[in-house]
Amino acid sequence: MSSASSINSISPPSPPPSPTMSMASINSDISEQPRKIKVMIIDDNAINLTILSRLLNKHFADTIQLTSVMDSGVSALDQLSKDQVDLILMDIDMPVLSGVQTTTAIRSSDNHDILVQNKNVPIIAVTTSDAAEQRELYRQVGMADCVSKPIALPKLRMAIESAMKTIPALSTG
Amino acid sequence: MTERDQTRTAVADPEDDRNGAETENEGEEFEDDGIIDHTTFDQLLEMDDEEDHEFSKSLVWNYFEQAEKTFGDMNEAMKKLDFPDLSRLGHFLKGSSAALGLTKVKESCEKLQHYGNRKDATGANTITDSEAEELIRALLIQMREEYDEAESYLRDFYEGQETQEA
């Protein structure tokens, strides 16, 4: 590019913000933008965790913030006692604590370690154990949905969107 | 002798080799004879960056390591006739096999999961310990062959990709 054309292509600087714009109105504009939903994923198989993480980061980057990647129900419960999440994607067949047992522990009113904000977090089962009677069990213990492995992106998207409708209106902070 | 050969030897029983007559010649081209579910595998490839297949390749190579370790664990569990552990291992490998679209391996893992629970292949009917042992012994040989097939296919695939990218 020649120097003459480069000079001609320089745009004048943008005008400074109008003095009538208040900090309140600026903050209001920012607060109207919904924050990303915080998601925890749980699976004892590292390969499955890697795939799900990549799926979420690649296809749901605008709406989801993957905040916790846990390899067991035990570690997930520990994390849920410290950090608030908006959605959990959980494997079912895991050693020590299965997905069903972990969900039961989260929902239990006797479990005072879990943050109260996490007690009713939507939980989606992500599993190869997806027969009708197993799906019914997941529903009974309080899971919102079940996505079969191998994960089909459209079905994952549908399950997440459905679960997101149950999340209270998001606000900043 | 490599660990892989040890794995094969520990499981393979010449008297029980029901698949000997069906073994493919090593020099033959591997066709995609139901080895890979392309719907699933292609979704994996779509997660790669445009320039290369580093993500999916690293995942697949991690799967190879995981599978070798799991087959070793299965052999150990078989020596002890630890059926619950065999079932658990079958389920574990089923998940990652399914995630990569390795159809045959996944289906065999599911059978191992059932047999280890003293159930038939459908998971519906109970079988005896001796029936489970016999079925698992044959299945481990079959599963190994199916895995070797899938591994070769995937290695050839990525080798071809690297040749194209070069």
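The legends below describe close-up views of the cavities in this predicted model.

**View 1. Cavities found across the whole structure.** A search of the whole structure of the predicted model finds two cavities of 30 Å³ or more. The largest cavity holds about 170 Å³ of space, while the volume of the second largest cavity is about 70 Å³.

**View 2. Residues around the largest cavity.** The lining of the largest cavity consists of 18 residues, and those that lie nearest its centre are N48(A), I51(A), L52(A), I151(A) and A99(B). Sorted by class, this lining comprises 12 nonpolar, three polar and three charged residues.

**View 3. Helices at the largest cavity.** Helix 3 (46–59) of chain A and helix 2 (38–46) of chain B each supply at least two residues of the lining of the largest cavity. The largest share of that lining, five residues, comes from helix 3 of chain A.

**View 4. Residues around the second largest cavity.** From chain A, the lining of the second largest cavity takes D43(A), D44(A), N45(A), N48(A), D91(A), D93(A), T127(A), T128(A) and K149(A), and from chain B it takes H91(B), F92(B) and G95(B).

**View 5. Helix and residue classes at the second largest cavity.** Helix 4 (residues 83–100) of chain B gives the most to the lining of the second largest cavity, contributing three residues. By class, the lining of this cavity has six polar, five charged and one nonpolar residue, whereas the lining of the largest cavity has 12 nonpolar residues beside three polar and three charged ones.

Notes:
Residues numbered from 1 in each chain as written. Chains lettered and ligands numbered in written order. Predicted model: local features only at pLDDT ≥ 70, side-chain atom pairs only at ≥ 80, totals over all residues. Heavy atoms only, no water. 1 Å grid on protein atoms, 1.4 Å probe; cavity = no way out; pocket = protein on both sides within 12 Å on 5 of 7 lines; lining within 4 Å. Points joined across faces, edges and corners; volume = space filled by probe spheres on them. Helix = DSSP H or I, 4+ residues; strand = E, 2+ residues; numbered from the N terminus. Nonpolar A, V, L, I, M, F, W, Y, C, P; charged D, E, K, R; others polar.
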